[in-house]
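I opened my notebook to look over one protein chain. I wanted its overall build first, and then a few details.

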Amino acid sequence: MESRQKAPAGRPRGFDAEEALERAVVVFWRQGYEGASLTDLTEAMGITRPSMYAAFGNKEELFRKALERYSEGPGAYVARALEEPTARAVAAALLNGAVRATTRPGYPTGCLGVQGALATGEPGRRAHDVLIAWRNFNGSCVADRFRRAVTEGDLPPGTDPEQLACYLTSLSYGISVQAASGVGPDELQQVADTTLLNWPPVTSG
């Protein structure tokens with residue numbers, strides 16, 4: 001089956017837009033939003049700037065599409081974790097998934113959603129805000145899942161779902177930062193395993 005997408009007028013673009021987007025994901029993942037120049041992106045994608053603008057919009061729009069693709073690919077472990085039957089299984093899937101996703105052979109270390117715009121100037125402010133919203137959304141989804149776990153009796157009645165979600169996602173993002181700093185998967189897995197030994201953490205109140 002023909003995999004190349006068509007331009008709006010029906011004319012073939014001459015490149016595989018899906019493959020080009022995958023390559024853009026890797027560039028943003030490795031270099032961050034501001035560190036990824038248009039030259040870096042178009043060379044990696046194998047297209048010209050006019051073709052990039054026509055297919056994906058400007059750099060910010062391309063970044064948004066790349067983050068969506070990352071969420072459907074390497075970052076999909078978050079959505080899968082929320083489908084686990086127990087809160088502890090959710091936590092294990094999140095932490096173990098973070099270790100795997102941030103240390104995948106052949107890919108940049110760390111997480112696009114954490115490192116993509118950690119330090120940006122004014123030109124990267126919108127990308128910075130996009131990533132904050134992305135992380136906040138994931139955190140709220142985890143909190144909702146833990147709220148359900150409290151209602152179902154899977155977590156103690158006094159558990160604060162938002163606090164527990166914040167604790168868990170902070171550890172997950174910390175794993176990403178450590179991976180980007182060169183910490184290996186075995187050491188990161190030990191962090192995940194140690195966290196789960198004390199599940200759930202003692203909550204205040």
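My entries follow, from the whole chain down to single residues.

**Ground rules**

I am working with a predicted model, in which local features need pLDDT of at least 70, side-chain atom pairs count only at pLDDT 80 or more, and totals for chains, interfaces and linings use all residues. Residues are numbered from 1 along each chain as its sequence is written, and side-chain values use heavy atoms, with hydrogens and water left out.

**Entry 1: the whole chain**

I looked up the secondary structure and found 10 helices and 0 strands. Helices here are DSSP runs of H or I with at least four residues, strands are runs of E with at least two, and both are numbered from the N terminus. Read from the N terminus, the order is α-α-α-α-α-α-α-α-α-α.

Next I checked burial. The chain has 205 residues, and 43% of them count as buried. Buried means under 20% relative accessible area, exposed means over 50%, and partly exposed is in between (1.4 Å probe, protein chains only). The chain exposes about 10,700 Å², with 52% of that supplied by carbon and sulfur atoms. Accessible areas come from the Shrake-Rupley method with a 1.4 Å probe.

I also looked at contacts (heavy atoms within 4.5 Å). Of those between residues at least 6 apart in sequence, 63% join residues at least 24 apart.

**Entry 2: the annotated stretch**

Which residues does the "DNA-binding region" annotation cover? The unreviewed UniProt entry gives residues 37-56. I note that UniProt annotations may be inferred rather than shown by experiment. Over residues 37-56 I find 80% helix and 0% strand.

I then turned to helix α2 (residues 38-45) and helix α3 (residues 49-56). They pack at an angle of about 85 degrees, and their axes are 10 Å apart. The axes are lines fitted to C-alpha atoms, for helices over the stretch in contact, and angles run from 0 to 180 degrees between N-to-C directions. α2 and α3 are therefore roughly perpendicular to each other, a label used for 65 to 115 degrees. On the α2 side I listed Leu38, Thr39, Thr42 and Met45. They meet Arg49, Met52, Tyr53 and Phe56 in α3.

**Entry 3: salt bridges**

How many salt bridges does a search of the whole structure find? It finds 9. Each is a side-chain nitrogen of Lys or Arg within 4 Å of a carboxyl oxygen of Asp or Glu.

I started with arginine 23 and glutamate 19, whose side chains meet at 3.1 Å, N to O. Both lie in helix α1 (residues 17-35), 4 residues apart, about one turn of the helix. Arginine 23 is partly exposed at 38%, and glutamate 19 is partly exposed at 37%.

In helix α4 (residues 59-72) I found arginine 69 and glutamate 72, 3 residues apart. Their salt bridge is 3.7 Å, N to O. Arginine 69 is buried at 15%. Glutamate 72 is exposed at 59%. Salt bridges that share partners join Glu18, Glu22, Arg69 and Glu72 into one network.

I also noted arginine 148 with glutamate 152, their closest N and O atoms being 3.1 Å apart. Arginine 148 is partly exposed at 41%.

**Entry 4: one serine**

Is serine 172 buried or exposed? Serine 172 counts as buried, with 8% relative accessibility. It sits in helix α9 (residues 161-180). Leaving out residues up to four places away in sequence, serine 172 touches Tyr77, Leu94, Leu95 and Ala98.

Definitions and conventions. Parallel < 35°, antiparallel > 145°, perpendicular 65-115°, else oblique.
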